[in-house]
Amino acid sequence: MKITMIGTGYVGLVTGTCFAEFGHHVTCVDKDKTKIDKLLQGDIPIYEPGLKRLVAKNCKEGRLRFTTDLSDSVASGDAVFLAVGTPTSRRGDGYADLTYIYEATKEIATELKGYTVIVDKSTVPVGTADQVARIIRETNPAAEFDVASNPEFLREGAAISDFMRPDRVVIGVETTRAEEVLREIYKPLYLQETPIVKTDIKTAELTKYAANAFLATKISYINEIALLCDSIGADVVSLAKGIGMDGRIGGKFLHPGPGYGGSCFPKDTMALMRIAQEQGQSLRIVEAAVEVNGAQKAKMVKKVRDILGGQEAGKTIAVLGLTFKPETDDMRDAPAITILPALLEKGAVIKAHDPQGMDEAKHLLPNGIIYTDNAYEACTDADAVILMTEWNQYRALDLEKIHTLMRSHHFIDLRNVYEPGHVREKGFTYSGVGRS
Ligand code: UGA
(Lines give C-alpha, C1' and ligand atoms only; values in the text may rest on other atoms or scores of the structure.)
Protein backbone atom coordinates (compact mmCIF):
# COMPACT_ATOMS: atom_id res chain seq x y z
CA MET A 1 0.00 0.00 0.00
CA LYS A 2 1.10 3.56 -0.61
CA ILE A 3 0.45 5.76 2.39
CA THR A 4 0.88 9.49 2.99
CA MET A 5 1.24 10.60 6.59
CA ILE A 6 0.45 14.28 7.09
CA GLY A 7 2.24 15.52 10.20
CA THR A 8 5.53 14.23 11.59
CA GLY A 9 4.75 14.87 15.24
CA TYR A 10 4.82 12.08 17.74
CA VAL A 11 1.82 10.18 16.32
CA GLY A 12 2.58 10.72 12.62
CA LEU A 13 6.23 9.83 12.87
CA VAL A 14 5.71 6.68 14.92
CA THR A 15 2.72 5.52 12.85
CA GLY A 16 4.36 6.28 9.49
CA THR A 17 7.55 4.51 10.50
CA CYS A 18 5.70 1.46 11.79
CA PHE A 19 3.60 1.23 8.61
CA ALA A 20 6.85 1.27 6.63
CA GLU A 21 8.12 -1.51 8.89
CA PHE A 22 4.98 -3.47 7.91
CA GLY A 23 6.18 -3.22 4.31
CA HIS A 24 4.07 -0.32 3.05
CA HIS A 25 5.54 2.64 1.18
CA VAL A 26 5.14 5.68 3.37
CA THR A 27 5.71 9.36 2.68
CA CYS A 28 5.73 11.55 5.78
CA VAL A 29 4.86 15.16 5.02
CA ASP A 30 5.34 18.17 7.25
CA LYS A 31 5.23 21.90 6.56
CA ASP A 32 8.07 22.47 8.98
CA LYS A 33 11.11 22.43 6.68
CA THR A 34 13.61 22.42 9.53
CA LYS A 35 12.00 19.30 10.94
CA ILE A 36 11.96 17.55 7.56
CA ASP A 37 15.62 18.51 6.92
CA LYS A 38 16.55 17.04 10.28
CA LEU A 39 14.61 13.85 9.59
CA LEU A 40 16.31 13.52 6.22
CA GLN A 41 19.62 13.57 8.09
CA GLY A 42 18.40 10.86 10.45
CA ASP A 43 17.87 13.31 13.29
CA ILE A 44 14.71 12.44 15.27
CA PRO A 45 12.95 15.47 16.82
CA ILE A 46 11.49 13.51 19.77
CA TYR A 47 12.93 11.03 22.23
CA GLU A 48 11.11 7.75 21.71
CA PRO A 49 12.93 4.47 22.40
CA GLY A 50 13.61 2.44 19.23
CA LEU A 51 12.32 5.07 16.81
CA LYS A 52 15.65 6.32 15.48
CA ARG A 53 16.76 2.82 14.52
CA LEU A 54 13.45 2.02 12.83
CA VAL A 55 13.41 5.30 10.87
CA ALA A 56 16.98 4.70 9.64
CA LYS A 57 16.23 1.09 8.66
CA ASN A 58 13.09 1.90 6.68
CA CYS A 59 14.63 4.91 4.94
CA LYS A 60 17.58 2.74 3.94
CA GLU A 61 15.28 0.03 2.62
CA GLY A 62 13.40 2.65 0.56
CA ARG A 63 9.98 2.38 2.22
CA LEU A 64 10.03 5.62 4.21
CA ARG A 65 10.67 9.12 2.97
CA PHE A 66 10.21 12.64 4.27
CA THR A 67 9.14 15.72 2.34
CA THR A 68 7.46 19.10 2.68
CA ASP A 69 5.55 18.57 -0.56
CA LEU A 70 2.44 16.43 -0.38
CA SER A 71 1.40 16.59 -4.04
CA ASP A 72 3.09 13.46 -5.47
CA SER A 73 2.41 11.10 -2.65
CA VAL A 74 -1.23 12.14 -2.19
CA ALA A 75 -1.89 11.75 -5.92
CA SER A 76 -0.47 8.23 -6.06
CA GLY A 77 -1.44 7.06 -2.57
CA ASP A 78 -4.06 4.54 -1.41
CA ALA A 79 -4.54 6.28 1.91
CA VAL A 80 -3.74 9.64 3.43
CA PHE A 81 -3.51 9.74 7.23
CA LEU A 82 -4.14 13.03 9.02
CA ALA A 83 -1.82 13.08 12.03
CA VAL A 84 -1.50 16.79 12.64
CA GLY A 85 -1.82 18.37 16.07
CA THR A 86 -5.21 19.04 17.68
CA PRO A 87 -4.16 21.14 20.68
CA THR A 88 -6.58 22.64 23.16
CA SER A 89 -7.99 25.79 21.62
CA ARG A 90 -6.19 29.04 22.51
CA ARG A 91 -9.58 30.38 23.57
CA GLY A 92 -9.02 28.34 26.73
CA ASP A 93 -12.47 26.75 26.57
CA GLY A 94 -11.25 23.15 26.37
CA TYR A 95 -12.35 22.59 22.76
CA ALA A 96 -9.84 20.96 20.40
CA ASP A 97 -8.37 23.36 17.84
CA LEU A 98 -8.97 21.82 14.41
CA THR A 99 -7.22 24.47 12.33
CA TYR A 100 -4.38 22.15 11.30
CA ILE A 101 -6.78 19.34 10.36
CA TYR A 102 -8.85 21.59 8.12
CA GLU A 103 -5.83 23.29 6.52
CA ALA A 104 -4.27 19.91 5.72
CA THR A 105 -7.60 18.66 4.34
CA LYS A 106 -7.82 21.54 1.87
CA GLU A 107 -4.31 20.89 0.65
CA ILE A 108 -4.94 17.17 0.24
CA ALA A 109 -8.23 17.78 -1.58
CA THR A 110 -6.65 19.58 -4.51
CA GLU A 111 -4.10 16.79 -5.04
CA LEU A 112 -6.36 13.72 -4.90
CA LYS A 113 -6.27 11.45 -7.97
CA GLY A 114 -8.03 8.09 -8.09
CA TYR A 115 -9.78 6.49 -5.10
CA THR A 116 -8.18 7.46 -1.78
CA VAL A 117 -9.13 6.88 1.84
CA ILE A 118 -8.56 9.90 4.08
CA VAL A 119 -7.99 8.62 7.59
CA ASP A 120 -8.26 10.73 10.74
CA LYS A 121 -5.47 9.54 13.01
CA SER A 122 -5.37 12.68 15.14
CA THR A 123 -7.65 12.74 18.17
CA VAL A 124 -10.59 14.74 16.88
CA PRO A 125 -14.06 15.61 18.17
CA VAL A 126 -17.02 13.60 16.98
CA GLY A 127 -18.20 14.88 13.61
CA THR A 128 -14.76 15.96 12.37
CA ALA A 129 -14.73 13.28 9.67
CA ASP A 130 -17.96 14.74 8.30
CA GLN A 131 -16.32 18.17 8.13
CA VAL A 132 -13.25 16.69 6.42
CA ALA A 133 -15.51 15.05 3.81
CA ARG A 134 -17.42 18.30 3.29
CA ILE A 135 -14.21 20.31 2.77
CA ILE A 136 -12.91 17.79 0.23
CA ARG A 137 -16.21 17.78 -1.69
CA GLU A 138 -16.28 21.57 -1.76
CA THR A 139 -12.64 21.95 -2.76
CA ASN A 140 -12.52 19.15 -5.32
CA PRO A 141 -16.01 17.97 -6.38
CA ALA A 142 -14.47 15.35 -8.70
CA ALA A 143 -12.45 13.64 -5.94
CA GLU A 144 -13.14 9.95 -5.42
CA PHE A 145 -12.64 9.30 -1.70
CA ASP A 146 -13.92 8.01 1.60
CA VAL A 147 -13.14 9.35 5.03
CA ALA A 148 -12.36 6.97 7.91
CA SER A 149 -11.38 7.24 11.55
CA ASN A 150 -8.56 5.21 13.04
CA PRO A 151 -7.74 6.47 16.53
CA GLU A 152 -4.35 5.74 18.06
CA PHE A 153 -3.75 4.27 21.51
CA LEU A 154 0.03 4.59 21.68
CA ARG A 155 1.75 5.56 24.91
CA GLU A 156 4.75 7.83 24.70
CA GLY A 157 7.87 5.96 25.67
CA ALA A 158 6.36 2.62 24.59
CA ALA A 159 4.91 3.68 21.25
CA ILE A 160 6.72 1.23 18.98
CA SER A 161 5.79 -1.85 21.01
CA ASP A 162 2.24 -0.51 21.46
CA PHE A 163 1.99 -0.13 17.69
CA MET A 164 3.43 -3.54 16.87
CA ARG A 165 1.46 -5.41 19.56
CA PRO A 166 -1.74 -3.45 20.19
CA ASP A 167 -4.64 -4.78 22.26
CA ARG A 168 -6.90 -3.82 19.36
CA VAL A 169 -7.18 -1.64 16.27
CA VAL A 170 -10.31 0.50 15.93
CA ILE A 171 -11.48 1.46 12.46
CA GLY A 172 -14.46 3.67 11.81
CA VAL A 173 -15.67 3.32 8.23
CA GLU A 174 -18.88 3.83 6.28
CA THR A 175 -18.04 1.91 3.09
CA THR A 176 -16.72 -1.57 2.34
CA ARG A 177 -14.11 -0.06 0.05
CA ALA A 178 -12.58 2.04 2.83
CA GLU A 179 -12.75 -0.93 5.20
CA GLU A 180 -10.83 -3.09 2.71
CA VAL A 181 -8.05 -0.49 2.42
CA LEU A 182 -7.69 -0.19 6.19
CA ARG A 183 -7.78 -3.96 6.70
CA GLU A 184 -5.04 -4.31 4.08
CA ILE A 185 -2.91 -1.68 5.84
CA TYR A 186 -3.27 -3.49 9.18
CA LYS A 187 -2.97 -6.99 7.68
CA PRO A 188 0.35 -7.74 9.45
CA LEU A 189 -1.40 -7.21 12.79
CA TYR A 190 -4.49 -9.12 11.72
CA LEU A 191 -2.25 -12.07 10.82
CA GLN A 192 -0.95 -12.08 14.40
CA GLU A 193 -4.58 -12.14 15.58
CA THR A 194 -4.92 -8.55 16.76
CA PRO A 195 -8.65 -7.86 17.08
CA ILE A 196 -9.91 -5.25 14.63
CA VAL A 197 -12.94 -3.39 15.98
CA LYS A 198 -14.88 -2.16 12.98
CA THR A 199 -17.48 0.46 13.69
CA ASP A 200 -18.99 3.63 12.28
CA ILE A 201 -16.92 6.80 12.11
CA LYS A 202 -18.55 8.73 14.96
CA THR A 203 -18.22 5.78 17.33
CA ALA A 204 -14.53 5.42 16.44
CA GLU A 205 -13.96 9.13 17.08
CA LEU A 206 -15.67 8.92 20.46
CA THR A 207 -13.93 5.65 21.39
CA LYS A 208 -10.59 7.43 21.60
CA TYR A 209 -11.86 10.09 24.00
CA ALA A 210 -13.75 7.51 26.05
CA ALA A 211 -10.61 5.36 26.39
CA ASN A 212 -8.40 8.22 27.55
CA ALA A 213 -11.05 9.60 29.91
CA PHE A 214 -11.53 6.15 31.43
CA LEU A 215 -7.80 5.74 32.03
CA ALA A 216 -7.60 9.25 33.51
CA THR A 217 -10.54 8.39 35.78
CA LYS A 218 -8.82 5.20 36.91
CA ILE A 219 -5.73 7.21 37.88
CA SER A 220 -7.74 9.86 39.73
CA TYR A 221 -9.65 7.10 41.51
CA ILE A 222 -6.51 5.41 42.81
CA ASN A 223 -5.00 8.80 43.70
CA GLU A 224 -8.00 9.55 45.91
CA ILE A 225 -7.85 6.10 47.46
CA ALA A 226 -4.11 6.66 48.06
CA LEU A 227 -4.88 9.84 49.99
CA LEU A 228 -7.36 7.88 52.07
CA CYS A 229 -4.66 5.24 52.67
CA ASP A 230 -2.37 8.04 53.88
CA SER A 231 -4.97 9.17 56.42
CA ILE A 232 -5.88 5.68 57.58
CA GLY A 233 -2.36 4.26 57.58
CA ALA A 234 -3.09 1.67 54.88
CA ASP A 235 -0.87 0.66 51.97
CA VAL A 236 -2.16 1.56 48.51
CA VAL A 237 0.34 -0.66 46.68
CA SER A 238 -1.07 -3.80 48.30
CA LEU A 239 -4.57 -2.42 47.91
CA ALA A 240 -4.04 -1.85 44.16
CA LYS A 241 -2.87 -5.46 43.84
CA GLY A 242 -5.84 -6.60 45.85
CA ILE A 243 -8.32 -4.92 43.55
CA GLY A 244 -6.32 -5.11 40.30
CA MET A 245 -6.14 -8.91 40.31
CA ASP A 246 -9.88 -8.90 39.87
CA GLY A 247 -10.11 -9.29 36.10
CA ARG A 248 -13.11 -6.95 36.04
CA ILE A 249 -10.92 -4.14 37.40
CA GLY A 250 -7.47 -4.93 35.98
CA GLY A 251 -4.14 -4.00 37.52
CA LYS A 252 -3.00 -1.44 34.96
CA PHE A 253 -3.27 2.31 35.59
CA LEU A 254 -3.67 1.83 39.30
CA HIS A 255 -0.37 3.48 40.23
CA PRO A 256 -0.90 6.56 42.36
CA GLY A 257 1.34 9.52 41.75
CA PRO A 258 1.46 13.30 41.53
CA GLY A 259 -1.41 13.36 39.01
CA TYR A 260 -1.53 12.48 35.34
CA GLY A 261 0.02 14.80 32.77
CA GLY A 262 1.14 14.68 29.16
CA SER A 263 -0.27 15.82 25.87
CA CYS A 264 -3.29 13.52 25.95
CA PHE A 265 -5.23 12.95 29.18
CA PRO A 266 -5.50 16.62 30.23
CA LYS A 267 -6.44 17.74 26.70
CA ASP A 268 -8.75 14.85 25.84
CA THR A 269 -10.72 14.87 29.10
CA MET A 270 -11.42 18.58 28.58
CA ALA A 271 -12.40 18.05 24.95
CA LEU A 272 -14.73 15.18 25.87
CA MET A 273 -16.48 17.34 28.47
CA ARG A 274 -17.04 19.99 25.80
CA ILE A 275 -18.39 17.39 23.36
CA ALA A 276 -20.88 16.30 26.03
CA GLN A 277 -21.86 19.88 26.85
CA GLU A 278 -22.65 20.49 23.19
CA GLN A 279 -25.13 17.63 23.48
CA GLY A 280 -26.65 19.19 26.58
CA GLN A 281 -25.06 16.59 28.84
CA SER A 282 -22.50 16.66 31.56
CA LEU A 283 -19.98 13.90 32.18
CA ARG A 284 -19.81 14.20 35.93
CA ILE A 285 -17.38 11.33 36.42
CA VAL A 286 -14.90 12.79 33.95
CA GLU A 287 -15.34 16.24 35.49
CA ALA A 288 -14.53 14.76 38.88
CA ALA A 289 -11.47 12.96 37.50
CA VAL A 290 -10.16 16.27 36.13
CA GLU A 291 -10.84 18.09 39.39
CA VAL A 292 -9.19 15.36 41.45
CA ASN A 293 -6.15 15.51 39.19
CA GLY A 294 -5.74 19.26 39.77
CA ALA A 295 -6.16 18.78 43.50
CA GLN A 296 -3.62 15.93 43.55
CA LYS A 297 -0.84 18.25 42.42
CA ALA A 298 -1.76 20.78 45.12
CA LYS A 299 -1.80 17.97 47.69
CA MET A 300 1.70 16.94 46.65
CA VAL A 301 2.90 20.49 47.31
CA LYS A 302 1.29 20.34 50.75
CA LYS A 303 2.88 16.96 51.41
CA VAL A 304 6.33 18.36 50.72
CA ARG A 305 5.61 21.46 52.82
CA ASP A 306 4.43 19.36 55.78
CA ILE A 307 7.49 17.13 55.56
CA LEU A 308 9.70 20.21 55.65
CA GLY A 309 7.99 21.37 58.85
CA GLY A 310 5.59 23.77 57.16
CA GLN A 311 8.39 25.93 55.84
CA GLU A 312 10.07 25.67 52.43
CA ALA A 313 12.00 28.92 52.67
CA GLY A 314 15.72 28.31 52.87
CA LYS A 315 15.31 24.56 52.29
CA THR A 316 16.97 22.82 49.36
CA ILE A 317 14.90 20.24 47.47
CA ALA A 318 16.34 17.76 44.99
CA VAL A 319 13.85 16.83 42.27
CA LEU A 320 14.50 13.65 40.30
CA GLY A 321 12.53 13.53 37.07
CA LEU A 322 10.67 16.37 35.38
CA THR A 323 8.92 14.82 32.37
CA PHE A 324 5.30 13.70 32.73
CA LYS A 325 6.42 10.06 32.56
CA PRO A 326 9.68 8.21 31.92
CA GLU A 327 11.18 7.40 28.50
CA THR A 328 10.11 10.67 26.93
CA ASP A 329 11.41 14.23 26.74
CA ASP A 330 7.83 15.52 26.80
CA MET A 331 7.13 18.08 29.50
CA ARG A 332 3.58 18.96 28.42
CA ASP A 333 1.31 19.25 31.48
CA ALA A 334 3.91 17.44 33.59
CA PRO A 335 3.07 17.60 37.32
CA ALA A 336 6.50 19.24 37.83
CA ILE A 337 5.20 22.32 36.00
CA THR A 338 2.64 22.90 38.77
CA ILE A 339 4.53 21.55 41.78
CA LEU A 340 7.94 23.16 41.33
CA PRO A 341 6.80 26.79 40.91
CA ALA A 342 4.66 26.45 44.05
CA LEU A 343 7.71 25.35 46.06
CA LEU A 344 9.98 27.97 44.49
CA GLU A 345 7.48 30.70 45.28
CA LYS A 346 7.72 29.86 48.97
CA GLY A 347 11.48 30.26 48.90
CA ALA A 348 12.74 26.70 48.35
CA VAL A 349 15.97 26.17 46.43
CA ILE A 350 15.34 23.54 43.76
CA LYS A 351 18.01 21.34 42.22
CA ALA A 352 16.59 19.20 39.46
CA HIS A 353 17.71 16.39 37.19
CA ASP A 354 15.99 14.60 34.33
CA PRO A 355 17.61 12.24 31.81
CA GLN A 356 15.83 13.75 28.78
CA GLY A 357 13.56 16.62 29.79
CA MET A 358 15.87 19.35 31.04
CA ASP A 359 16.13 21.33 27.79
CA GLU A 360 12.36 21.54 27.52
CA ALA A 361 11.98 22.13 31.27
CA LYS A 362 14.16 25.23 31.03
CA HIS A 363 11.54 26.79 28.73
CA LEU A 364 8.57 25.79 30.85
CA LEU A 365 9.73 26.21 34.43
CA PRO A 366 10.56 29.51 36.12
CA ASN A 367 14.13 30.75 36.29
CA GLY A 368 16.04 29.96 39.43
CA ILE A 369 15.97 26.15 39.24
CA ILE A 370 19.43 24.62 39.33
CA TYR A 371 19.77 21.84 36.75
CA THR A 372 22.33 19.16 37.54
CA ASP A 373 24.19 16.52 35.55
CA ASN A 374 23.00 13.61 37.64
CA ALA A 375 20.79 12.60 40.55
CA TYR A 376 23.62 12.67 43.11
CA GLU A 377 24.59 16.22 42.25
CA ALA A 378 20.95 17.23 42.71
CA CYS A 379 20.90 15.61 46.17
CA THR A 380 24.09 17.31 47.36
CA ASP A 381 23.27 19.54 50.39
CA ALA A 382 19.54 18.94 49.89
CA ASP A 383 17.06 18.70 52.77
CA ALA A 384 14.60 16.55 50.85
CA VAL A 385 14.61 14.54 47.66
CA ILE A 386 11.44 14.19 45.58
CA LEU A 387 11.23 11.31 43.13
CA MET A 388 8.89 12.95 40.62
CA THR A 389 9.22 10.69 37.54
CA GLU A 390 10.04 7.00 37.71
CA TRP A 391 12.93 6.83 35.24
CA ASN A 392 14.71 3.45 35.46
CA GLN A 393 17.97 5.12 36.47
CA TYR A 394 16.28 6.36 39.67
CA ARG A 395 15.06 2.90 40.64
CA ALA A 396 18.33 1.70 42.11
CA LEU A 397 19.85 4.85 43.58
CA ASP A 398 22.76 4.43 45.98
CA LEU A 399 20.82 5.54 49.06
CA GLU A 400 23.86 5.36 51.34
CA LYS A 401 25.72 7.75 49.07
CA ILE A 402 22.70 10.05 48.86
CA HIS A 403 22.45 10.02 52.66
CA THR A 404 26.04 11.24 52.99
CA LEU A 405 25.42 13.97 50.40
CA MET A 406 22.22 15.39 51.88
CA ARG A 407 21.87 17.92 54.68
CA SER A 408 18.61 16.50 56.08
CA HIS A 409 17.13 13.18 55.07
CA HIS A 410 13.59 13.27 53.74
CA PHE A 411 12.81 10.91 50.86
CA ILE A 412 9.55 11.83 49.09
CA ASP A 413 8.67 9.11 46.61
CA LEU A 414 5.79 10.43 44.51
CA ARG A 415 5.84 7.30 42.32
CA ASN A 416 6.03 4.66 45.08
CA VAL A 417 9.15 3.17 43.52
CA TYR A 418 10.95 2.29 46.75
CA GLU A 419 10.06 -0.01 49.64
CA PRO A 420 9.40 2.34 52.60
CA GLY A 421 11.21 0.04 55.07
CA HIS A 422 14.32 -0.15 52.89
CA VAL A 423 14.57 3.65 52.61
CA ARG A 424 13.98 4.13 56.35
CA GLU A 425 16.69 1.57 57.14
CA LYS A 426 19.11 3.82 55.25
CA GLY A 427 18.37 6.69 57.63
CA PHE A 428 15.70 8.63 55.74
CA THR A 429 12.15 9.57 56.55
CA TYR A 430 10.05 8.05 53.77
CA SER A 431 6.84 9.37 52.31
CA GLY A 432 5.14 7.83 49.28
CA VAL A 433 1.65 8.36 47.94
CA GLY A 434 -0.71 6.24 50.01
CA ARG A 435 2.04 4.33 51.81
CA SER A 436 2.12 5.80 55.25
C1 UGA B 1 -2.05 8.03 26.80
C2 UGA B 1 -2.77 6.69 26.62
O3 UGA B 1 -2.27 5.76 27.59
C4 UGA B 1 -2.56 6.14 25.22
O5 UGA B 1 -3.32 4.95 25.06
C6 UGA B 1 -3.04 7.20 24.20
O7 UGA B 1 -2.82 6.77 22.88
C8 UGA B 1 -2.27 8.48 24.42
O9 UGA B 1 -2.50 8.94 25.79
C10 UGA B 1 -2.77 9.49 23.42
O11 UGA B 1 -3.93 9.89 23.50
O12 UGA B 1 -2.02 9.82 22.50
P13 UGA B 1 0.48 8.80 27.28
O14 UGA B 1 -0.13 10.12 27.60
O15 UGA B 1 1.62 8.72 26.35
O16 UGA B 1 -0.65 7.81 26.67
O17 UGA B 1 0.98 8.14 28.63
P18 UGA B 1 0.38 7.20 29.76
O19 UGA B 1 1.29 6.07 29.97
O20 UGA B 1 -1.03 6.88 29.52
O21 UGA B 1 0.49 8.17 31.05
C22 UGA B 1 -0.25 9.38 31.14
C23 UGA B 1 -0.08 9.98 32.51
O24 UGA B 1 -0.72 9.19 33.50
C25 UGA B 1 1.38 10.11 32.98
O26 UGA B 1 1.55 11.34 33.62
C27 UGA B 1 1.57 8.96 33.95
O28 UGA B 1 2.55 9.18 34.92
C29 UGA B 1 0.17 8.91 34.57
N30 UGA B 1 -0.15 7.60 35.14
C31 UGA B 1 -0.31 6.51 34.34
C32 UGA B 1 -0.32 7.48 36.52
O33 UGA B 1 -0.20 8.46 37.30
N34 UGA B 1 -0.66 6.26 37.03
C35 UGA B 1 -0.83 5.16 36.26
O36 UGA B 1 -1.15 4.08 36.80
C37 UGA B 1 -0.64 5.29 34.88
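Predicted model: local features only at pLDDT ≥ 70, side-chain atom pairs only at ≥ 80, totals over all residues.
1. Overall make-up. The protein has 18 helices and 14 strands. Its radius of gyration is 23 Å, close to the 22 Å that the globule rule gives for 436 residues, so the protein is as compact as a globular protein of that length. Along the principal axes, the C-alpha atoms fill a box of roughly 70 × 50 × 45 Å.

2. Burial and contacts. Of the 436 residues, 53% count as buried. Take the contacts between residues at least 6 apart in sequence: 72% of them join residues at least 24 apart.

3. Surface and charge. The protein carries 52 positive and 59 negative charges.

4. Largest core. The largest nonpolar core has 42 residues. Phe 19, Phe 81 and Tyr 186 have the most contacts inside it. Helix H1 (residues 10–22) gives the largest share of this core, eight residues.

5. Around Phe 19. Which residues does Phe 19 touch, not counting those up to four places away in sequence? The list is Ile 3, Met 5, His 24, Val 26, Phe 81, Phe 163, Ile 185 and Tyr 186. Two of these partners, Phe 81 and Tyr 186, are named with Phe 19 for the most contacts inside the core.

6. Second core. A separate nonpolar core has 35 residues. Among them are Val 236, Met 331, Leu 343 and Leu 414.

7. Asp 268 is in helix H12 (residues 265–278). Is Asp 268 buried or exposed? Its relative accessibility is 1%, so Asp 268 counts as buried. The cut-off for buried is under 20%. Leaving out residues up to four places away in sequence, Asp 268 touches Thr 123, Lys 208, Tyr 209 and Asn 212.

8. Phe 253, a backbone point. Phi of Phe 253 is near 60 degrees, a positive value in a residue other than glycine. Phe 253 sits in the loop between helix H11 (236–244) and H12. At 26% relative accessibility, Phe 253 counts as partly exposed.

9. Glu 327, another backbone point. Here phi is near 65 degrees, again positive in a residue other than glycine. Glu 327 belongs to the loop between strand S9 (316–320) and helix H14 (335–345). The relative accessible area of Glu 327 is 24%, so Glu 327 is partly exposed.

Definitions and conventions
Residues numbered from 1 in each chain as written. Heavy atoms only, no water. Helix = DSSP H or I, 4+ residues; strand = E, 2+ residues; numbered from the N terminus. Rg over C-alpha atoms; globule rule 2.2 N^0.38 Å. Buried < 20%, exposed > 50% of the residue type's maximum accessible area, 1.4 Å probe, protein only. Contact = heavy atoms within 4.5 Å. Lys, Arg positive; Asp, Glu negative; His and termini not counted. Charge placed at Lys NZ, Arg CZ, Asp CG, Glu CD. Core = buried A, V, L, I, M, F, W, Y, C linked by side-chain atoms within 4.5 Å.
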